[in-house]
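Notebook open, viewer loaded. I'm going through a few spots one at a time and jotting down what I find.

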Amino acid sequence: MAKPTFFKRLMLWFFISLSAIGALVALTIALVIPSLPSLESLTEYRPKLPLRVYSSDGFLMAEFGEERRAFIKIQQVPKKMKNAILAIEDRRFYQHKGVDAVGVGRAIVKNLAGASHEGASTITMQVARNFFLSSDKTLRRKISEVFLSYKIEKNLNKDQILELYINQIYLGQRAYGFGAAALVYYGKPLEKLTLAECALLAGLPKAPSNYNPFTNPKRAIQRQREVLKNMLRYEFIDQKAFEEAMNQTLHFKESRQSRDLMADHASEMVRQTLYDQYKEDIYTSGIKVYTTIKKANQEAANEAVLRGILDYDRRHEYRGPEKTIDLEGKKFEDQKTKITDTLDGMEEYNGFIPAVVIKAESKYVQAFTKKGDMVDIKNDGLALIQKTLSDKDPKNRKIKPGAIIRVIQKNKQWEVVQLPKVEASLVSMDPQTGAITALVGGFDFNRNKYNHVTQAKRQPGSTFKPFIYSAALEKGITPATIVNDAPLHFSAAETGSGMDWDPQNYDNDFDGHIRLRNGLAKSKNLVAIRVLKAIGAPYAQDYASRFGFDPSNHPAYLSMGLGVGSATLIEMVTAYGVFANGGYLKKPYLIEKMVDSQGQVIDQTNTMFQNEETPRVIDPRNAFIMTTLLQDVVNKGTAQKAKALGRSDIAGKTGTTNNQVDAWFAGYTPSQVAIAWIGFDQPKSLGKDETGSQAALPIWIKYMQTALRDVPIQNYEMPDGVMIRKIKSDTGTPANENEEGVNEYFYSEFPPHNEIHLLN
């Protein structure tokens with residue numbers, strides 16, 4: 001018998017192998033088809049949408065969740081966006097049935113010819129893989145993908161499949177879907193993108209990290225151009241549109257954070273509140289929270305606090321560069337890689353950009369920033385370091401080539417700054433409703449998450465005095481009462497502290513017998529102590545609790561009159577709101593309403609709280625007279641800088657604690673109450689002359705310049721039961737018509753005394 005020829009043996013093995021492969025495929029199919037998942041997650045698509053926090057006027061403040069998403073209906077997707085996706089991902093999408101046989105054949109031919117590495121995965125196959133399958137390159141997974149794609153095509157129409165793809169595909173920066181990517185990379189919604197911008201996004205699905213415009217801008221543009229060429233080749237666009245898109249310069253968001261408004265401490269307060277209620281589910285709920293924060297107010301508060309910190313540092317010495325690179329006698333280009341690597345390892349905080357000094361002269365500094373810019377700094381931008389630049393001894397010059405500094409850009413001008421050690425914060429509230437309109441908890445949330453508005457208990461100093469004076473009005477003491485501003489001595493037995501006490505005025509100056517009104521305007525410590533002694537510390541402690549203060553934080557000693565207790569900014573804004581609204585205790589609130597992923601309101605705060613629904617904690621006459629006293633603090637007392645606002649309805653009080661550890665200003669109008677504070681986390685002196693007027697009041701003024709813009713001046717209405725009487729300015733006793741005097745306010749039952757009413 002003749003032996004089989006080589007060709008026959010080869011054919012035999014071929015058919016045996018083919019049969020084996022066929023059997024294996026058939027077996028795999030038999031196992032795969034019954035195990036194909038249900039399409040319920042597609043037909044009832046519920047994307048994992050993050051918690052989003054907005055200002056009251058609709059600006060995104062923060063989002064919390066592992067995935068950034070912004071679901072968008074297919075009808076709302078711009079045609080140019082759909083065409084860009086189809087041109088680069090699946091141009092025969094509307095012709096094939098889930099698997100593109102033509103595309104598979106084309107890919108095989110091109111790959112075998114070495115012309116390209118072209119894939120044959122359709123949009124439907126990508127949907128199948130993204131929702132149900134792993135990315136493992138196995139035969140079973142590929143067969144599952146093919147059959148699942150056919151199943152999807154039978155149950156959903158093409159637009160439904162494309163909608164799923166557009167909303168589910170990962171595009172880098174934690175962005176899932178093109179709606180989210182538009183916000184992340186461009187800071188604007190999908191419908192506002194140009195053709196060139198759409199083309200860049202369409203190129204991301206292939207490899208989001210490789211084509212990320214934040215980290216690989218050159219690759220991103222190259223990929224965008226591939227998309228545009230495909231759009232032209234397959235007649236999605238004409239030549240004119242192609243050329244315009246190719247020539248457009250793309251501008252990406254300056255910040256990689258997905259937000260329109262920086263209000264991190266306020267956003268974190270919202271997150272904590274909702275987490276307490278919903279736990280981990282909050283991060284995939286799609287709930288939108290609208291806060292009471294107003295964009296213009298918050299931006300003004302951000303700028304005011306930042307400027308206050310910068311101005312404080314300018315008044316004190318520059319501490320020196322953070323690091324130094326040896327650049328002496330070396331060319332910049334030769335050291336650029338080293339410089340860039342060093343800067344890349346440094347974090348940017350609140351716009352304080354790390355930079356390396358390249359040139360340093362007495363009135364000019366050139367620096368290379370972490371963002372790759374060479375910047376020129378001169379004039380006022382050198383204020384912080386001018387002293388060291390001008391030092392005649394080169395050894396004492398801290399700024400020289402190689403020094404790593406910080407710079408910020410304001411109004412197109414660069415300024416040298418330094419990471420601050422001091423902290424500052426501000427909170428403002430509508431006193432009529434309790435709605436918080438702006439909140440800055442510190443210099444930078446990413447550097448220090450401690451919220452100085454709600455968490456920091458600091459000595460309020462003289463900002464606490466008005467509550468002592470308010471208590472005194474209820475005891476028959478009047479603004480015309482004469483108080484002796486003279487030294488006092490208390491024994492250890494009297495103080496209850498085990499130590500003698502000789503309280504002093506801030507300036508160690510004593511005015512003798514002065515009216516209570518003047519004593520508050522000048523923030524006289526000895527006047528406040530005598531008033532407190534007259535009414536009794538326990539009574540004042542109890543009375544202050546009406547304003548929301550915890551009595552345990554304000555022990556009933558005479559030192560309470562100097563504000564040696566402790567209070568947070570949120571407590572202070574609540575308390576001063578009582579004076580501003582005529583006597584009502586309005587509790588601050590931050591959440592206006594909550595909306596679910598379907599747009600249904602699930603919770604809403606009644607923003608128009610009527611005063612009769614809120615407890616009235618002090619007599620309206622008391623609130624009115626206290627406001628006139630606090631207006632005098634502005635008009636002729638320690639807060640006269642506030643007159644720069646040009647308003648007659650401002651009232652407030654400066655506060656400086658012992659040794660200038662804390663500096664405050666608390667001020668208000670009928671429509672806005674705000675508290676500004678500055679100090680160190682680890683309490684220590686801010687420095688000589690760093691008073692509330694010097695360090696905190698300018699922050700408040702800068703904020704109010706925006707907060708009160710276009711708000712008409714509102715005069716306080718004098719309530720019933722208040723009388724105006726002419727008194728002698730030196731004695732506080734009634735003045736005749738023909739005598740010189742000043743007008744003063746009194747309770748009807750406590751008219752001016754005919755004899756001098758003296759607290760001696």
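Which residue's side chain does Ser 523 join in a polar contact of 2.8 Å? I looked it up, keeping in mind that this is a predicted model. The partner is Lys 653, side chain to side chain.

**Entry: around Ser 523.** I placed Ser 523 in the loop between α18 (516-521) and α19 (525-535). Its relative accessibility is 14%, so Ser 523 counts as buried, the cut-off being under 20%. I then listed what Ser 523 contacts, skipping neighbours within four places in sequence: Ser 462, Lys 465, Thr 638 and Lys 653.

**Entry: helix α16.** Lys 465 belongs to α16, which covers residues 465-473. I checked burial along the helix, and nine of its nine residues are buried, so α16 is largely enclosed by the rest of the structure. The buried set includes Lys 465 itself, along with Pro 466, Phe 467 and Tyr 469. An α-helix has 3.6 residues a turn, so residues three or four places apart point the same way.

Entry: Next I went to strand β18, residues 651-656. Five of its six residues are buried, so β18 is also written down as largely enclosed by the rest of the structure. Its pairing with β19 (residues 662-668) is antiparallel and runs over six bridges.

**Entry: other positive phi values.** Most residues other than glycine have a negative phi, and most peptide bonds are trans. That made me look for further exceptions. Lys 279 has phi near 55 degrees, positive without being a glycine. I found Lys 279 in the loop between α12 and β5. At 45% relative accessibility, Lys 279 counts as partly exposed. Asn 508 also has a positive phi, of about 55 degrees, and sits in the loop between α17 (492-495) and β15 (512-515). With 51% relative accessibility, Asn 508 counts as exposed.

Entry: I zoomed in on β1 (residues 51-54) and β2: they pair in the antiparallel sense over four bridges, and Tyr 54 has Leu 60 as its bridge partner in β2.

**Entry: Asn 484.** Last stop. Buried or exposed, at 12% relative accessibility? Asn 484 counts as buried, and its place is in strand β14 (residues 482-485). A polar contact of 2.8 Å joins its side chain to that of Asn 760. Leaving out residues up to four places away in sequence, I have Asn 484 touching Gly 512, His 513, Arg 530, Leu 759 and Asn 760.

Conventions:
Residues are numbered from 1 along each chain as its sequence is written. This is a predicted model: local features need pLDDT of at least 70, side-chain atom pairs count only at pLDDT 80 or more; totals for chains, interfaces and linings use all residues. Side-chain values use heavy atoms; hydrogens and water are left out. Buried means under 20% relative accessible area, exposed over 50%, partly exposed in between (1.4 Å probe, protein chains only). Helices (H or I, at least four residues) and strands (E, at least two) are DSSP runs, numbered from the N terminus. Two strands pair if DSSP finds at least two bridges between them. A polar contact is a pair of N or O atoms within 3.5 Å; within protein, one must be able to donate a hydrogen and the other to accept it, and residues adjacent in sequence count only if both atoms are side-chain atoms. Contact means heavy atoms within 4.5 Å.
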